[in-house]
Every structure is written in C-alpha cells, then in structure tokens.
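Hi everyone, thanks for coming. I'd like to walk you through a protein structure today, and I'll take it slowly.

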Amino acid sequence: MDAAYEVVAETPSVETYRELRVVAGLSPKSEAAARIALPNSWASVVVRHDGEPVGMGRVIGDGGCHFQVVDICVRPEHQGRGLGKRIMAALVADLEARVPEGGYVSLIADGDAKHLYAQFGFAETAPASVGMARRF
C-alpha cells in the first residue's frame, strides 16, 4: 500500500461528501440533506492521498440495535489499490469495538461490491429477507 494514503477517522465535509459520491458513481445528494446527515454519522472515515480526500465510508444507526454501512466510495483514479478494503477494515474495527451484543449491522451491496463486504463477515440475507428501498 502506498504510504501516501491515510485512513482517518473523521466525517467528510459536505462538499467532499457530495463530490466523492458523484465521482465514484453513487447517487447525488443535496447540500441540505448532507448538512443534516453527516453530523448524525455513528462512525466515518476519510481516505486521504497527499492530504486530499479520495475516499470515504460511514456507519449510520441508533447506537444500540441497528446500524447500516453506507457511502463506501473511492475516486475512480484511486480504485484498485485496496482502499475500499481499508475503509471497511476501519469501519468494521469500530463496529466490533462499540456495537452492543445483539446489534444488527446491514448494508446494500451494489454489484461486485458484495465480494468486498463478504471479506468482512457480511452475508447475503435472501431468501429469508431482501433489501427494500423507497426514494424521496
């Protein structure tokens, strides 16, 4: 791993959050929504390359029973260097240290990302349960 990459436990700025989501191919989020969401993160990390943010990930949840891994993304020009794995490792270490017994951690895996998440103990829930969503 290139020493110029650093994974930092911090919440991304609104601007960084919105930009990283879009450049990495995730859906855009409004500035208003990001301003509300980010301070409510349960855990978050930012990957920096030479000081500049190039990736991020967050966990949201109620702090006791339910948690969700969200916003895992890396700028395309920095993909393929194990940064997604480093983001997940940092978030999972935090989850393992702080989630109370019986806590349920979920995520929605897009495409082949399911292979990354499986490395950290996440398993598909279908057919017993399926992910569902509603957008506003």
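So, what volume does the largest pocket have? About 1300 Å³. Please keep in mind that this is a predicted model, so we are talking about a prediction throughout.

Who lines that pocket? There are 37 lining residues, and R21, L26, V70, D71 and D110 are the closest to the centre. Several elements give two or more residues to the lining: the helices α1, α2, α3 and α4, together with the strands β3 and β4. The biggest contribution is from β4, with 7 residues. If you sort the lining by class, you get 21 nonpolar, 7 polar and 9 charged residues.

Let's stay with D71 for a moment. This residue sits in strand β4, and its phi is positive, near 60°, although D71 is not a glycine. Most residues other than glycine have a negative phi. Is D71 buried or exposed? Buried: its relative accessibility is 8%, and the cut-off for buried is under 20%.

Now compare D50, in the loop between β2 and β3. D50 also has a positive phi, about 50°, and is not a glycine either. D50, however, is exposed, because its relative accessible area is 59% and the cut-off for exposed is over 50%.

There is one more backbone feature to point out. Most peptide bonds are trans. The bond joining A126 and P127 is cis, with omega about 5°. You'll find P127 in the segment after α4.

On to the second largest pocket, with a volume of about 580 Å³. Its lining has 18 residues, and nearest the centre are L107, A109, A123, E124 and T125. Strand β5 gives the most here, with 4 residues. The classes come out as 11 nonpolar, 5 polar and 2 charged.

Next, the inside of the protein. How many residues does the largest nonpolar core have? It has 21, and V59, V69, M88 and L91 have the most contacts inside it. Strands β2, β3 and β4 and helices α3 and α4 each give two or more residues to this core, with the largest share, 6 residues, coming from α3.

Last topic: charged pairs. The structure holds 9 salt bridges. One of them joins the side chains of E15 and R35, at 3.8 Å from N to O. E15 is in helix α1 and R35 in helix α2, so this pair ties together parts 20 residues apart in sequence. E15 and R35 also belong to a salt-bridge network with E31.

Another salt bridge links D94 and R98, at 2.9 Å. Why are these two about one helical turn apart? Because they are 4 residues apart in helix α3. Both D94, at 24% relative accessibility, and R98, at 41%, count as partly exposed.

And finally, R75 pairs with E77, with the closest N and O atoms 2.9 Å apart. R75 is buried, at 18% relative accessible area, whereas E77 is partly exposed, at 44%.

Note on methods. Residues numbered from 1 in each chain as written. Predicted model: local features only at pLDDT ≥ 70, side-chain atom pairs only at ≥ 80, totals over all residues. Heavy atoms only, no water. Core = buried A, V, L, I, M, F, W, Y, C linked by side-chain atoms within 4.5 Å. Buried < 20%, exposed > 50% of the residue type's maximum accessible area, 1.4 Å probe, protein only. 1 Å grid on protein atoms, 1.4 Å probe; cavity = no way out; pocket = protein on both sides within 12 Å on 5 of 7 lines; lining within 4 Å. Points joined across faces, edges and corners; volume = space filled by probe spheres on them. Nonpolar A, V, L, I, M, F, W, Y, C, P; charged D, E, K, R; others polar. Salt bridge = Lys/Arg side-chain N within 4 Å of Asp/Glu carboxyl O.
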